Amino acid sequence: MAEITFAILTVSDTCAKGEKVDTSGPALKELISDTSTKVGNILKGNVICTAIVPDDKDTIMKYLISRSDKYKANVILTTGGTGFSKRDVTPEATKKVINKEAPGMFTAMLIAGLEKTSMAMLSRAVCGIRNKTLIINLPGSRNAVEECLTALAPVIPHAVDLITDRKALIAETHKVMEHTESSLLSQHAGPSTVTLYKNVAQRHRQSPFPMISVEEAMELIRKNVPKAETEVVNTKDAYGRILAKDVYSFYDLPPFRASIKDGYAVLASDGKGRRKVLCGVTAGSEPFSTLLKAGTCVRVNTGAPVPEGATAVVQVEDTNLISENSDKTEEEEIEIMTEPAVGQDIRPIGCDIEKESLVLNAYTNIGPTEIGLLAACGVKEVTVTKLPSIGVLSTGNELQEIGQRLEPACVYDSNRITLITLLKENDFTALDFGISVDEEMVLISKMQHALQKVDVLVTTGSVSMGDRDLLKPILQEYFKATIHFGRVNMKPGKPTTFATCTFNNRRKYILCLPGNPVSAVVTARLFLLTLLNEMIDNLWKPIIVKAKLTSSYKLDPRPEYARAILEWNNEDLPLAYSTGNQISSKLLSCKGANALLMLPGRTEKKRKLNEGEIVPAMLIGFT
């Protein structure tokens, strides 16, 4: 989701002098950033700066200009100074710095306030735009601040999109509004039936969905994923999961002074020379309970507790045996051949990890090392983000299951097994929902069955412009889904579609990929992995490097993701070798590929890339 940055300004003579504690400013910050609240869940804001200033017009103006022009805050919220008293000048200062007023926002606040108290009509608040910043004057009281911001929160994200010219997000919001209005009309009119194309002549000749960039599509996916759900799991089952909370150690590590070497615990002050061996201490045994005295030592193993009073450990290689007991099973006296130093080969208590110290940060991907750290610190259970349930469904009259006798004009379905394996490679498990023919009721039934079991449904096929491409109208008409995008400016993968809907009172995510095998694989790497990692708060991003072409490429009008093999030789950059014909139906072009070359769209000035030119390349298959 696109982050909205906020700046908060408390305007108050008494708060600026320290005579009164500011409560409105902190309340605003909490409302904006706490996603567990209604307002916070809408805004998902990041407060980048706060300040308290006196009721002085020039000071207020200086702050507003700075936070807009220098800090580039999307929204500035002021609290205080909007009333009738002589010192209330926040509206006057705001009017001086804005380019446009937004009276509708003040009206919304006024209506919300009047529902609580008639005194709300005494507010003179101003709302407006300075360059790419929305400035909103809020009242000074904590309760009024919450009431007014609650009234404005639903429109602030769209207002920011409009001000900052985020075209894809603007279009998506408009589609949601249209969908909501049509849903309300259908509710009043009674239940509706699915209305799809009755014949080929009725199909669209041009796609009704705007063509958006890959970056805009990624942003729409992130924008429509809410805060991840969490669960508690046993540490031994936490491999591959994402930590939802910081983890602190329950114990010091080591919890006792431990020997680093197999040798002898001694007093460093004794220096070289002979020592009487009192006993031996092994790892896991009780520490030697008697205080070590001059001229004595205790034999210790690696990891064993060092006796009280000992100040060094001398490794066994730096000693000689002087005498042993009568049956030659125990040492009685040894000689230290080197000068020991204080602290030598002793691990102090907590030298690796101190008790209650931070061990792992939230959002950490838990691997083998992290599992070991958690165990070493005594952490039996951890809070992690929940994994989404995923299903994969192929569509197409021409598809057959592997192992069946291949019928005329049919092909084996390779998409499903490829995508399920790709998900497995990235630590996700998917349910296999088989193949659906391109028949309206069959496809609806298959999707219903899948959505009863999974959070994310991935389909391949039935999203292009053919008369049997039914998915988009089915999503809209039957499932009342919001299609956030239905065309992406890329090759391969133009018809890729992302939609959300409510099914059985739960939010569902549907990613419809093209049916051509290469298109399905490329778009899954770009969009499916982005969606799933966003749902689990994984900060994963694809690795992009620069690569040198070893052959020329004719550019397509759309940006292209060409399969390639990168080889690192003695060159400064890896060399990119084409995998052959890049047609989207040819899965063989993915064989051995370890990168997607990110080729730019063709322009009048640039129609071809030549051997030796440098292009960005997205690494694939690297873990």
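This is a predicted model: local features need pLDDT of at least 70, side-chain atom pairs count only at pLDDT 80 or more; totals for chains, interfaces and linings use all residues.
Local features need pLDDT of at least 70 and side-chain atom pairs count only at pLDDT 80 or more, while totals for chains, interfaces and linings use all residues. Residues are numbered from 1 along each chain as its sequence is written, and side-chain values use heavy atoms, leaving out hydrogens and water.

The whole structure holds 4 aromatic pairs. Rings of Phe, Tyr and Trp (its six-membered ring) pair if their centres lie within 6.5 Å; planes under 30 degrees apart are stacked, over 60 edge-to-face, and the rest tilted. F479 and F503 make a tilted pair, with 6.1 Å between centres and 50° between planes. F479 lies in the loop between helix 14 (471-477) and strand 24 (482-485) and F503 in strand 25 (residues 497-503), so the pair ties together parts 24 residues apart in sequence. Helices (H or I, at least four residues) and strands (E, at least two) are DSSP runs, numbered from the N terminus. Both F479 and F503 are buried. Buried means under 20% relative accessible area, exposed over 50%, and partly exposed in between (1.4 Å probe, protein chains only). Ring pairs also join Y478 to F479 and F503 in a cluster.

Side chains of opposite charge can pair when their charged atoms come close. A salt bridge has a side-chain nitrogen of Lys or Arg within 4 Å of a carboxyl oxygen of Asp or Glu; the search finds 27. R416 and E401 form one, with closest N and O atoms 2.9 Å apart. R416 is buried at 7% relative accessibility, whereas E401 is partly exposed at 30%.
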